[in-house]
Amino acid sequence: MASSSGCRAWHCLLALFLLSSSAYGQLSPSFYAKSCPTLQLIVRATMIKALLAERRMGASLLRLHFHDCFVQGCDGSILLDDVGSFVGEKTAFPNVDSVRGYEVIDEIKKNVELLCPGIVSCADIAALAARDGTFLLGGPSWSVPLGRRDSTTASLTEANSDLPAPSLSLGLLIKAFDKKQLSPQDLTALSGAHTIGFSQCLNFRDHIYNGTNIDPAFATLRKRTCPAQAPNGDKNLAPFDVQTQLLFDNAYYRNLVAKRGLLNSDQVLFNGGSQDALVRQYVANPALFASDFVTAMIKMGNINPLTGTAGQIRRNCRVVNS
């Protein structure tokens, strides 16, 4: 009798474990605890070096992770180069001459491989780099669920269709995020990543010249470096947040209330629609924004990961193992 009740207790423990891990899917923050215990230290040290060289890189790597997860899930597919007949995602319209930081991922991978060869995926490195980029610029930190594997495929088509364009209305943004099982609250919290970093003139030209929900003084300021006639100045950069462009804070939401959102897709979050109240809450309560941002980042990082024996652990993040 004792053994059968012990067996039932074991089943209970197993069920409890499975339930507790369901929040992360099959991913776990302790995935590499035994196989690569120094992983997080290596990533942090390499990220500190990268941000000392260029603080903006923190924002760039946060964006890279987002652009990875929205196409085929968080599988490192964005990192794959076009090689021979293989077509990657780097030339997709939302990525080309825009997504950056690939060489920092290469550097982290090289450093990780020295101590833990063949163990850690490029997809997990991208997720950790996004977390560290946020934290090192003054934002929150969190335990990153790990255990993703790398794809052997990429999708230029999906990159062009599923990455939200800066011109989208609130309704279309909500739809794009819902497609990835992310809520309107997740959309509004994740958009707060635009408290750091820069965007190119071609992304906000229409908003500053034709937008109706924009502060005229702000539009005038941005027009100085973004000429009306494309392609003049297409690549000219402007900060998302004029005040604290490389500090992760809640100023993004204050800007929206003042009608100083850089992209149309920023300002539609505060334009008499369903997200206005949440934007005001984030203005009043920075801790609520930080908490919701972390929750949304973990959810986003859990979009269709390859786990178990699916995919591979790439030796070089830019190419599928031969």
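Which cysteine forms a disulfide with Cys 201, and how far apart are their sulfur atoms? The partner is Cys 226, with the two sulfur atoms 2.0 Å apart. Keep in mind while browsing these close-ups that the model is predicted.

**View 1. Cys 201 and Cys 226, joined by a disulfide.** Here we zoom in on the pair from the opening question. Cys 201 sits in helix 9 (residues 201-210), while Cys 226 belongs to the loop between helix 10 (216-223) and strand 2 (237-239), so the bond ties together parts that are 25 residues apart in sequence. The link is right-handed, with 70 degrees about the S-S bond. Cys 201 has 0% relative accessibility, so it counts as buried. Cys 226 also counts as buried because its relative accessibility is 0%.

**View 2. The disulfide between Cys 69 and Cys 74.** In this one, the S to S distance is 2.0 Å.

**View 3. Cys 122 and Cys 317, a link between distant parts of the chain.** The sulfur atoms of Cys 122 and Cys 317 are 2.1 Å apart. Cys 122 is in helix 5 (residues 122-136), and Cys 317 is in the segment after helix 14 (286-300), putting the two 195 residues apart. The torsion about their S-S bond is about -95 degrees, so this disulfide is left-handed. Cys 122 and Cys 317 are each buried.

**View 4. How the bonded cysteines pair up.** Stepping back, the count comes to four disulfides. Number the bonded cysteines of the protein chain in sequence order, and the pairing reads 1-4, 2-3, 5-8, 6-7.

**View 5. The largest nonpolar core, with 70 residues.** Leu 39, Val 112, Phe 293 and Met 300 have the most contacts inside this core. At least three of its residues come from each of domain 1 (38-162) and domain 2 (170-299). What does Phe 293 touch, leaving out residues up to four places away in sequence? Its contacts are Leu 62, Thr 134, Pro 140, Trp 142, Ala 189, Leu 190, Ala 193 and Phe 248.

**View 6. Another core, of 11 residues, apart from the largest one.** Among its members are Phe 218, Ala 238 and Leu 262.

Definitions and conventions: Residues numbered from 1 in each chain as written. Predicted model: local features only at pLDDT ≥ 70, side-chain atom pairs only at ≥ 80, totals over all residues. Heavy atoms only, no water. Disulfide = S-S within 2.5 Å. Helix = DSSP H or I, 4+ residues; strand = E, 2+ residues; numbered from the N terminus. Buried < 20%, exposed > 50% of the residue type's maximum accessible area, 1.4 Å probe, protein only. Core = buried A, V, L, I, M, F, W, Y, C linked by side-chain atoms within 4.5 Å. Domains from an automatic or database assignment. Contact = heavy atoms within 4.5 Å.
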